Amino acid sequence: MLFCNSLRPKLTLSATRTFSCLVQSKAFINGNWINASTNETFEVINPANGRIVGSVPNMNVNDAVQAVQAAKNAFEQSEWSKFTAKERSSLLKKWFNLIEKNGNEISEIMSAESGKPINEARGEVAYGNAFIEWFAEEARRIYGDIIPSAAKDREIIVLKQPLGVAALITPWNFPLAMITRKAGAALAAGCTIVIKPAEDTPLTALALVKLAEEAGFPDGVINIVTTNNAAPIGDLFCKSPDVRGISFTGSTEVGKWLFRNSSDGIKRISLELGGNAPFIVFNTANLEKAVDAAIASKFRNCGQTCVSANRFFLQDEIHNKFIDLLKQKVEALKVGDGSKQDVQIGPLINSMQFNKVSSYVEDARSKGGKILFGGRPLEDLGKLFYSPTIISNVPSNAKLYSEEIFGPVVSIVKFKTEEEVIRAANNSRRGLAGYFFSENIQQVFRVARLLEVGMVGVNEGLISAAEAPFGGVKESGIGREGSHHGIDEYVEIKYICMGNLKY
Ligand code: SIN
């Protein structure tokens with residue numbers, strides 16, 4: 001295979017498979033695969049079994065400065081700056097085709113470093129690659145305007161031009177899709193990029209960049225800096241005048257820090273932060289549909305998803321029935337090492353996440369929450385496995401209620417009226433996604449408008465798609481990713497006034 005390096009030691013991806021060609025052990029700056037300037041490295045660990053999957057350069061701020069400089073030079077001076085929209089589109093399409101061709105291998109890398117079940121990893125490759133395809137198409141439709149002027153001798157022309165260098169800071173929960181959603185839009189617009197992937201999952205990111213190199217992006221257009229010490233590099237992105245935009249997906253706390261820290265340079269910033277999604281089931285709902293959607297939304301990636309249902313509100317008449325149906329399905333979920341075909345739920349990503357989930361469940365239990373299923377670690381499987389859990393009677397002072405769980409825990413509250421549940425659902429500083437289930441058309445339109453979130457699933461638990469705008473309100477973020485709106489984060493609008501024209 002093209003990327004096999006016969007000198008590189010074979011790496012252990014899972015208990016059963018021991019080989020991958022796309023696994024990289026160097027970062028990529030200005031078209032070169034390089035070590036950290038200090039030669040330091042850090043290990044990437046499989047959360048299912050604690051084995052080392054690979055090791056990557058532990059880069060510092062000096063390395064990141066090189067990456068930003070390379071991206072700046074490429075933006076200003078390389079052939080890239082003269083590429084037509086069609087040429088950018090063609091390159092993105094080539095990248096898309098290569099990702100598709102290497103989908104199985106990327107899925108294995110992703111599953112090994114994130115613990116994600118292999119079938120879900122395959123799903124993420126398809127989902128994430130759809131952003132590259134989408135933005136390859138959108139690259140050719142970044143239209144400006146010609147606006148009728150009030151003056152007789154003027155034309156008003158509006159252009160959209162690329163921002164410049166964009167820094168993309170991405171999380172571990174969707175190691176591929178969160179890069180492609182940002183990179184696809186940035187490259188379509190004509191920006192150059194520096195990617196800083198999460199320290200838990202740099203190998204998927206490096207594999208993607210390897211394929212971008214193969215697709216033929218000019219040197220310096222795509223750069224990637226790996227590190228396990230993100231703060232100084234984040235600080236550089238905020239402070240460097242050469243970085244014109246930052247796009248971040250991750251915690252609200254880090255998002256706020258980036259926002260504050262980049263304010264001095266009046267930098268374009270796009271933030272996709274945490275949620276606290278309500279999942280409301282009204283008495284009028286189709287319960288079978290609602291339970292299936294609850295499973296899909298809650299247990300996707302072991303609950304480690306920003307748009308995961310976080311607070312389940314069940315109306316009084318269907319409360320017990322919904323729980324019975326849900327319990328049957330949750331009991332049947334197969335938890336284990338994600339490399340095994342039939343596994344549906346893998347481990348949590350690391351001990352910090354594991355401790356958070358365990359302590360939130362204990363907190364809810366101690367405040368009167370009733371554990372109906374699970375509520376304990378699954379030590380037989382490994383250190384980071386936690387049982388799918390259902391807790392009812394969760395009080396509003398429990399952390400499970402007010403904060404994002406990021407784990408496989410269904411946290412249930414009973415309600416009586418629509419008015420009461422809307423108030424409770426909106427009583428949060430977060431507003432990413434919200435879901436509700438109702439077969440009453442009046443209620444559907446009313447509630448969809450009233451929920452204070454950026455995305456609403458009506459009788460649907462999985463709403464993410466390349467062609468739809470992803471993003472939140474309140475403290476869940478700024479800006480939108482995916483859809484034609486996703487391009488806006490990476491372009492400047494320029495108004496050209498053509499004056500003194502004679503007609
Ligand atoms: C996220 O959890 O940040 C993204 C989830 C998605 O794209 O559906």
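Strands (E, at least two residues) and helices (H or I, at least four) are DSSP runs numbered from the N terminus. The model is predicted, so that local features require pLDDT of at least 70 and side-chain atom pairs count only at pLDDT 80 or more, while totals for chains, interfaces and linings use all residues. Residues are numbered from 1 along each chain as its sequence is written, and side-chain values use heavy atoms, with hydrogens and water left out.

E12 belongs to an open sheet of seven strands with mixed pairing, arranged in the order E14-E15-E16-E13-E12-E18-E19. The edges are formed by strand E14 (370-373) and strand E19 (455-458); each has a single partner strand, so one side of each lacks a neighbour in the sheet. On average, neighbouring strands of this sheet are turned by 25° against each other, direction ignored. Two strands are taken to pair if DSSP finds at least two bridges between them. In general, the strands of a sheet pair through backbone hydrogen bonds, either parallel or antiparallel.

E12 (residues 277-281) pairs with strand E18 (residues 433-437) in the parallel sense over three bridges, and within E18 Phe436 is the bridge partner of Ile280. The pairing of E12 with E13 is likewise parallel and extends over five bridges; in E13, Phe312 is the bridge partner of Phe279.

Two helices were examined in relation to this sheet. Helix H9 (residues 287-299) lies across E12, strand E13 (309-315), strand E16 (409-415) and E18, and runs at about 165° to E12. Helix H14 (residues 441-450) packs on the sheet and touches E18 and E19, its direction making about 165° with that of E18. These angles run from 0 to 180 degrees between N-to-C directions, the axes being lines fitted to C-alpha atoms, for helices over the stretch in contact.

Within E13 is Asn310, which counts as buried at 2% relative accessibility. A polar contact of 2.7 Å joins the side chain of Asn310 to that of Asn276. A polar contact is a pair of N or O atoms within 3.5 Å, where within protein one atom must be able to donate a hydrogen and the other to accept it, and residues adjacent in sequence count only if both atoms are side-chain atoms. Beyond its neighbours within four places in sequence, Asn310 has contacts (heavy atoms within 4.5 Å) that include Asn276, Ala277, Lys298, Glu403 and Ser411.

The feature "active site" is placed by UniProt, in an unreviewed entry, at Glu272. UniProt positions follow the numbering used here, feature names are shortened, and annotations may be inferred rather than shown by experiment. Glu272 is located in strand E11 (residues 268-272) and is buried, at 3% relative accessibility. Neighbours within four places in sequence aside, Glu272 is in contact with residues including Met178, Arg181, Phe248, Cys306, Phe470 and Glu481. The side chains of Glu272 and Arg181 are joined by a polar contact of 3.2 Å.

By the criterion of a side-chain nitrogen of Lys or Arg within 4 Å of a carboxyl oxygen of Asp or Glu, the structure contains 20 salt bridges. One of these is formed by Lys256 and Glu475 (3.0 Å, N to O). This pair links distant parts of the chain, 219 residues apart: Lys256 is in helix H8 (residues 252-261), and Glu475 is in the loop between strand E20 (473-474) and strand E21 (477-478). Lys256 is partly exposed at 30% relative accessible area, as is Glu475 at 24%.

In the salt bridge between Glu331 and Lys327, the closest N and O atoms are 4.0 Å apart. Because Glu331 and Lys327 are four residues apart in helix H10 (residues 319-331), about one helical turn separates them. Glu331 is partly exposed, at 46% relative accessibility, and Lys327 is partly exposed, at 28%. A further salt bridge joins the side chains of Asp363 and Lys367 (2.7 Å, N to O); Asp363 is buried at 14% relative accessibility, whereas Lys367 is partly exposed at 34%. Salt bridges with shared partners also join Arg181, Lys182, Glu272 and Glu481 into one network.

Terms used: Buried means under 20% relative accessible area, exposed over 50%, partly exposed in between (1.4 Å probe, protein chains only).
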